[in-house]
Amino acid sequence: MNDSAAVEGWDEPGLLDATGWEPATTYTLPSGIVLSADAMEPTVVTSTVAARNVSARGDGSFVVEMEELFTGWFEVANLAGAPGSTVTFNVSTMEGTVEEYNMANAYTFGASGAGNFRMRFSYNEIQYITINGLSKPPALADVVGKRGQAARGGDAGAIRHPPTRREEELRIS
């Protein structure tokens with residue numbers, strides 16, 4: 001996320017026209033092509049995971065250990081840095097490993113030099129977060145994990161899992 005490229009009021013009518021943004025391009029689909037919505041159910045936050053420990057590494061980075069291994073997202077609040085500087089977040093499931101499977105994110109500070117980072121576009125398996133680019137470690141309370149799970153069914157955010165083999169056997173018998 002690049003907060004230095006933020007456009008104040010981007011969601012207000014007429015602003016982007018005044019800043020010189022080009023209108024969106026429309027395309028006609030070739031014959032026989034059908035466009036449809038993604039049938040994937042949304043992933044929802046089911047609980048939070050606290051940070052257990054923050055330690056400094058010899059290279060100037062900080063490692064945040066979460067209370068437990070979880071699948072989801074994380075947020076880091078109250079970040080501070082020089083305007084235009086970038087903080088990177090590398091995620092791992094194993095102690096001593098900085099990053100697995102390209103699980104990395106970045107945040108670039110805007111003009112205020114203050115900000116909050118929240119993963120938004122993908123989720124990871126997380127226990128350790130290595131943070132580069134901060135002059136001081138984040139407070140434990142400023143790092144929060146968000147456990148995610150696919151929302152199933154249509155009733156008011158109910159979370160259901162597919163039946164286990166044993167549940168299927170009981171249903172059939």
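Where does Ile33 lie? In this model, which is a predicted one, Ile33 is found in the loop between α1 (15-18) and β1 (43-56). Its relative accessibility is 48%, so Ile33 counts as partly exposed; the exposed class begins over 50%. Together with Leu29 and Leu35, Ile33 forms a nonpolar patch on the surface. The accessible area of these three residues together is about 330 Å².

As for its partners, β3 pairs with strand β4, residues 104-108, in the antiparallel sense, over five bridges. Within that pairing, Thr86 stands opposite Thr108 of β4. Strand β3 also runs antiparallel to β6, and five bridges join these two strands. Here Asn90 has Thr130 in β6 as its bridge partner.

Strand β6 leads us to my last topic, Asp142. This residue is placed in the loop that connects β6 (124-132) and β7 (143-150). Which residues is Asp142 in contact with, once its neighbours within four places in sequence are left aside? They are Glu75, Val76, Ala77 and Asn78. Asp142 is buried, yet it has no salt bridge. The nearest side chain of opposite charge belongs to Lys136, 7.5 Å away, whereas a salt bridge is counted within 4 Å.

Thank you for your attention.

Terms used: Residues are numbered from 1 along each chain as its sequence is written. This is a predicted model: local features need pLDDT of at least 70, side-chain atom pairs count only at pLDDT 80 or more; totals for chains, interfaces and linings use all residues. Side-chain values use heavy atoms; hydrogens and water are left out. Helices (H or I, at least four residues) and strands (E, at least two) are DSSP runs, numbered from the N terminus. Buried means under 20% relative accessible area, exposed over 50%, partly exposed in between (1.4 Å probe, protein chains only). Lys and Arg count as positive and Asp and Glu as negative; His and the chain ends are not counted. Contact means heavy atoms within 4.5 Å. Two strands pair if DSSP finds at least two bridges between them. Patches are made of residues with over 30% relative accessible area and no salt bridge: like charges are joined within 9 Å, nonpolar side chains (Val, Leu, Ile, Met, Phe, Trp, Tyr) within 5 Å. Accessible areas come from the Shrake-Rupley method with a 1.4 Å probe; for residues, only the protein chains shown count as cover.
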